[in-house]
Amino acid sequence: MIHTNSPEEAITGIFGNSLRIVNKQQVYGGDINLAYRLTLSDGSPVFMKSNTPKNLSFFEAEAKGLDALRQTGTIGVPEVFGMGSDKNMSFLLMEYLEAAPRLERYWEIFGRELAELHRADCSQLAAGGCFGFTGDNYIGATPQKNTPMTSWVDFFRECRLLPQFKMADRYFDSGTRRLCTKLTDHLENYLPEPEFPSLIHGDLWSGNAAPGPDGKAWIFDPAAYVGHYEAELAMTELFGRCPESFYGAYNEITPIDNGYRDRRDLYNLYHLLNHLNLFGSSYLGSVKNILSRYV
């Protein structure tokens, strides 16, 4: 992976002196970064994200997550070419996905490949523990703690719920704070330890998956870490559930535990807390409803 001071230098380092950027067109790339389609002198496209220079760490974390997911060889993930920063911006260069029409069995294949991702060897990604990651990263624009731990329940408490509860404290009254404390103090009563740890995308809502050049689902914009596959499945249901064929195909590879539905909203409490902290009080009702349901 190339680290340089400018996209132009990166393109030369990646593809050689014969290629240069001849066109730069802004495209949609989410709410956090600016995104561009770069056209090179041979006509090939490259995808570029950019932000302020101080946000280079955001791209470094994203690149680590993409590389970890891609190295499993289980599901489509764009290749990272390089990154860098200068006094004006930071940037990330990666494979541009030219979307093909969805395959007829798109959702079934997606479910099966996601289950295979979750079963891939991830033992080297949380050194010192079964759960966590090689470094901290981000969930949206929020820092995400990934300290390796041997217990999934401890990890979800210490690295997921407690940091978000702390950030959201200004929205809580004393009764809500008591519910937060009671939930985290007795989290082992609500969540089981998984049969095996799984590398998960970490932010897999519908906007972070799309048809790629092969017509199958490709995933991007990760908040990757090693956790419980149920947390990933829960996220796929938070902002619009996938078709039943997706879950049926997933279940053929990894049988979904009967208790998953009882735990789904607790996993999604993390994401709703994050939305509360990023976007404000419109998410407070959903957070309080989940707390009241479990505690």
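Tutor: Begin with residue classes: Ala, Val, Leu, Ile, Met, Phe, Trp, Tyr, Cys and Pro count as nonpolar, Asp, Glu, Lys and Arg as charged, and the others, Gly among them, as polar. This is a predicted model, where local features need pLDDT of at least 70 and side-chain atom pairs count only at pLDDT 80 or more, while totals for chains, interfaces and linings use all residues. Residues are numbered from 1 along each chain as its sequence is written, and side-chain values use heavy atoms, with hydrogens and water left out.

The part to follow is helix H8 (260–279). Helices (H or I, at least four residues) and strands (E, at least two) are DSSP runs, numbered from the N terminus.

Take the largest pocket. A pocket is an open set of points on a 1 Å grid over the protein atoms alone, with protein on both sides within 12 Å along at least five of seven lines; a cavity is a set where a 1.4 Å probe fits but cannot get out; lining residues have an atom within 4 Å of a point. Points are joined across faces, edges and corners, and a volume is the space filled by probe spheres set on them.

The largest pocket holds about 990 Å³. Its lining has 40 residues, with Gly29, Gly30, Gly207, Asn208 and Asp221 nearest the centre. H8 contributes most, five residues. Other elements supplying at least two include helix H2 (56–71) and strand E4 (45–51). By class, the lining has 24 nonpolar, 10 polar and six charged residues.

The structure has one of 30 Å³ or more. Among the lining residues are Phe156, Asp203, Tyr267, Tyr270 and His271. Six are nonpolar, two polar and two charged.

Finally, H8 packs on helix H9 (residues 284–294): their axes come within 9 Å and cross at roughly 145°. Axes are lines fitted to C-alpha atoms, for helices over the stretch in contact, and angles run from 0 to 180 degrees between N-to-C directions. The crossing is left-handed, meaning the near helix is turned anticlockwise from the far one by less than a right angle (clockwise would be right-handed). Contact means heavy atoms within 4.5 Å. On the H8 side, Arg261, Leu269 and Leu276 are among the residues that meet H9, whose partners include Val287, Ile290 and Tyr294. This contact has 10 nonpolar, one polar and six charged residues.
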